[in-house]
Amino acid sequence: MQPLKLLKNTAVTLLLAIIGFQAVSCGTLLYPERKGQISGKIDPNVAILNGIGLLVFLVPGVIAFAVDFSNGTIYLPPDKSAQLPHAPRSAKTVSFDTQTLTSDKLEQIVKTETGRDIDLREQTIEVTQLHTPAQLKLAIDHISRD
């Protein structure tokens with residue numbers, strides 16, 4: 001009987017901790033100075049924290065989104081822009097022969113230039129051929145919005 005009571009107490013404690021985490025992750029509590037904003041770019045940090053509430057418990061997540069949108073605290077201040085973690089601050093041009101380029105060669109180029117291994121056959125990787133710097137900027141902007 002004791003292990004069941006311990007399990008129940010642990011579950012209740014965990015539930016309260018998760019609900020408490022969701023309560024403080026609300027943009028209204030994190031950024032009270034943003035109250036009153038009508039629109040703008042959505043702060044990805046606040047949206048992600050509210051989204052965690054949707055995944056863990058539907059009602060607290062919905063409440064967090066509703067409160068943040070109604071107060072305007074989900075929006076970035078007008079003079080700020082969102083920065084994705086690990087987003088490149090500048091682009092580097094790398095030249096290579098496109099006529100003999102293979103997936104393996106491209107993976108090696110990325111490893112040489114960035115120090116990171118990639119596998120272009122992974123389901124999560126999308127490969128797109130771009131021909132101009134303007135297309136690259138549009139692609140990066142699209143990724144940043146997603």
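1. Aromatic pairs. In this predicted model, the count comes to 2 aromatic pairs. F65 and F69 make a stacked pair, because their ring centres are 6.3 Å apart and their planes sit at 20 degrees, while planes under 30 degrees apart count as stacked. The other pair is F69 with Y75: here the centres are 5.9 Å apart and the planes are at 75 degrees, so this one is edge-to-face. If you want to re-check either of them, recall that a pair of aromatic rings is described by the distance of the centres and the angle of the planes.

2. How the rings join up. F65, F69 and Y75 form one aromatic cluster. F69 takes part in the stacked pair with F65 and also in the edge-to-face pair with Y75. Both F65 and F69 lie in helix α4, 4 residues apart, which is about one turn of the helix.

3. Cover around the cluster. Is Y75 buried or exposed? Y75 is buried, because its relative accessible area is 12% and the cut-off for buried is under 20%. F69 has 37% relative accessibility, so F69 counts as partly exposed.

4. Nonpolar patch. Which residues form the nonpolar patch on the surface? They are L54, L58, V59, V62 and I63, with about 450 Å² of accessible area together. Helix α4, residues 58–71, supplies the largest share of the patch, with 4 residues. V59 is found in helix α4, and V59 counts as exposed because its relative accessible area is 54%, where exposed means over 50%. So helix α4 holds F65 and F69 as well as the largest share of the nonpolar patch.

5. A charge over a ring. Worth a look in the viewer: R34 lies over the face of Y31, at 3.8 Å from the ring centre.

6. Helix α5. This helix covers residues 103–114, 12 residues in total, and reaches 16 Å from its first C-alpha to its last. That span is close to the 16 Å expected at 1.5 Å a residue. What comes after α5? The helix is followed by G115, whose phi is positive, near 80 degrees.

7. The chain as a whole. The protein chain has 6 helices and 0 strands, and along the sequence the pattern reads α-α-α-α-α-α. Of its 146 residues, 16% count as buried; Y75 is one of the buried residues.

Definitions and conventions:
Residues are numbered from 1 along each chain as its sequence is written. This is a predicted model: local features need pLDDT of at least 70, side-chain atom pairs count only at pLDDT 80 or more; totals for chains, interfaces and linings use all residues. Side-chain values use heavy atoms; hydrogens and water are left out. Patches are made of residues with over 30% relative accessible area and no salt bridge: like charges are joined within 9 Å, nonpolar side chains (Val, Leu, Ile, Met, Phe, Trp, Tyr) within 5 Å. Accessible areas come from the Shrake-Rupley method with a 1.4 Å probe; for residues, only the protein chains shown count as cover. A salt bridge is a side-chain nitrogen of Lys or Arg within 4 Å of a carboxyl oxygen of Asp or Glu. Helices (H or I, at least four residues) and strands (E, at least two) are DSSP runs, numbered from the N terminus. Buried means under 20% relative accessible area, exposed over 50%, partly exposed in between (1.4 Å probe, protein chains only). The expected span of a helix is 1.5 Å times one less than its number of residues. Rings of Phe, Tyr and Trp (its six-membered ring) pair if their centres lie within 6.5 Å; planes under 30 degrees apart count as stacked, over 60 as edge-to-face and the rest as tilted. A charge sits over a ring if NZ of Lys or CZ of Arg is within 6 Å of the ring centre and within 35 degrees of the ring normal.
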